Amino acid sequence: MSLPLLTAQYFQQLDPRVLTLPDGPTLLLPTTQQALYADLFDESSPRPLPTAPYRTRVLKMIIAKLEAAISDPEEDEIYDPLLETLGTLISTPKPSATQQAQQLTHVTFTAPSQCPESQERRTIITSESRNAIVTAGTTGHRTWEAALHLATYLSSPQGSSHITGKRVLELGAGTGLVSMFCAKYLNPEIVVATDLERGLMEQIAGCSVRNGLEKERFRGCIWEWGQELQLDGEEERQEDGGKLGFDVAFGADLIYDTDLVPLLVQTVKTLFTTYGIQEFLISATLRNEDTFGTFLSACEEKHLAVNRIPFDSPKEEDQTGFFHSTMIPIHTYRISLPSLLADGK
Ligand SMILES: C[S@@+](CC[C@H](N)C(=O)[O-])C[C@H]1O[C@@H](n2cnc3c(N)ncnc32)[C@H](O)[C@@H]1O
């Protein structure tokens, strides 16, 4: 018995109410309960477990469902290690709501798969403050829906063709999920994840080791838009004129503040004119029409062409990985600089 879909949902710490639990009779089977314990609660597992409050909520729900399924108290049993784990979790002092919001936790994201029941799933571990919107002056300490949408697209055969064999840069990488996924599974030449905050970069550095990424394939680097990009030890990659070169760049959920839009669009343009990229992919959660309109106008002013990529996230109930809400539309756009093509560059 194995439970790969439930495991993927649980390690991404989805709301316990949406987890795909087996039905009562299947749950009662000793093999199911043993698998649940081994996959989700065994502390000797090499994968970092979700926070104690999250595990408690899920285990309480499972035990309630098991109790409801018992029809013959003589025969049906709840697996002891599950009950013991619940006892231990309940007696562990609970952090305050504020501590919980700021607490860093490891989250394991699983890529979508044609065979969600397969054991061989592609996973990436990040470090996040799950419930905080802004921590240390950045919104990057949690992975946003647009990043999961973009990662879903890039995990498809069409999406991965943007990355394979390329030198790739990410702007405003936040937790670094998308960059680390590309570096680990899509065979780029190199991926450089950038963001403005040192704490984010320290977490990304720690996670890149956890995810087994090689330094030659993946780098994290502080880059505040408008400044010059500087990468330690990258001299050998510099192209003529002493600038670093890339083939493609991307960013997720960067269009949320009209005040930031001019700097963002100027930075995208600089990536074409100075760093050599051929395309920029941006995934945007369309929360506010005006903000997105400001972005489109700014691109037009800079002669950047913006085209929507015809890709939609699967419906939530059909998702097999990189689970995310589709309540607010999220689209991915390909930005190009047609004058570069006209110049034959
Ligand atoms: C909403 S978060 C998105 C993070 C990540 N891309 C995701 O979708 O999960 C926006 C990110 O842009 C970064 N950012 C905002 N302004 C920036 C700037 N001027 N220079 C560099 N990064 C910036 C923030 O630090 C934050 O990580």
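Two residues count as in contact when their C-beta atoms, placed from the backbone, lie within 7 Å. Keep that in mind for this tour, which runs through a predicted model where local features need pLDDT of at least 70, side-chain atom pairs count only at pLDDT 80 or more, and totals for chains, interfaces and linings use all residues. Residues are numbered from 1 along each chain as its sequence is written.

**Stop 1: α11 and α12**

Select 261–273 for helix α11 and 289–301 for helix α12. Helices here are DSSP runs (H or I, at least four residues), numbered from the N terminus. Show V261, P262 and V265 in α11, then T294, F295, A298 and C299 in α12: these are the residues that meet. By class, that contact has six nonpolar, one polar and no charged residues. For the classes, Ala, Val, Leu, Ile, Met, Phe, Trp, Tyr, Cys and Pro are nonpolar, Asp, Glu, Lys and Arg are charged, and the others, Gly among them, are polar.

Now draw the axes, which are lines fitted to C-alpha atoms over the stretch in contact, with angles from 0 to 180 degrees between N-to-C directions. The axes of α11 and α12 come within 10 Å and cross at roughly 40°, so the two helices are oblique to each other. On this scale, angles under 35 degrees are roughly parallel, over 145 roughly antiparallel, 65 to 115 roughly perpendicular, and the rest oblique.

**Stop 2: α7 and α9**

Jump to 145–154 (α7) and 177–185 (α9), whose axes are 9 Å apart at an angle of about 15°. That makes α7 and α9 roughly parallel, and their crossing is right-handed.

**Stop 3: the ligand**

Leave A147 on screen and bring up the ligand. There are 21 residues around the ligand, and T138, G140, A147, G172 and G174 come nearest. A residue belongs here if its C-beta atom, placed from the backbone, lies within 6 Å of the molecule. The shell splits into 11 nonpolar, six polar and four charged residues.

**Stop 4: α4 and α5**

Next, pick 52–69 (α4) and 80–91 (α5): the axes come within 10 Å and cross at roughly 140°. So α4 is oblique to α5, and the crossing is left-handed. A52, R55, T56, L59, K60 and I63 in α4 meet L82, T85, L86, L89 and I90 in α5. This contact has seven nonpolar, two polar and two charged residues.

**Stop 5: zoom out**

Colour 4–94 as domain 1 and 104–342 as domain 2; these bounds come from an automatic or database domain assignment. The C-alpha centres of the two domains lie 34 Å apart. How many residues of domain 1 are in contact with domain 2? Select them and you get 12, touching 16 residues of domain 2. The domain 1 side has seven nonpolar, four polar and one charged residues.

Notes. Left-handed = near helix turned anticlockwise from the far one by under 90°.
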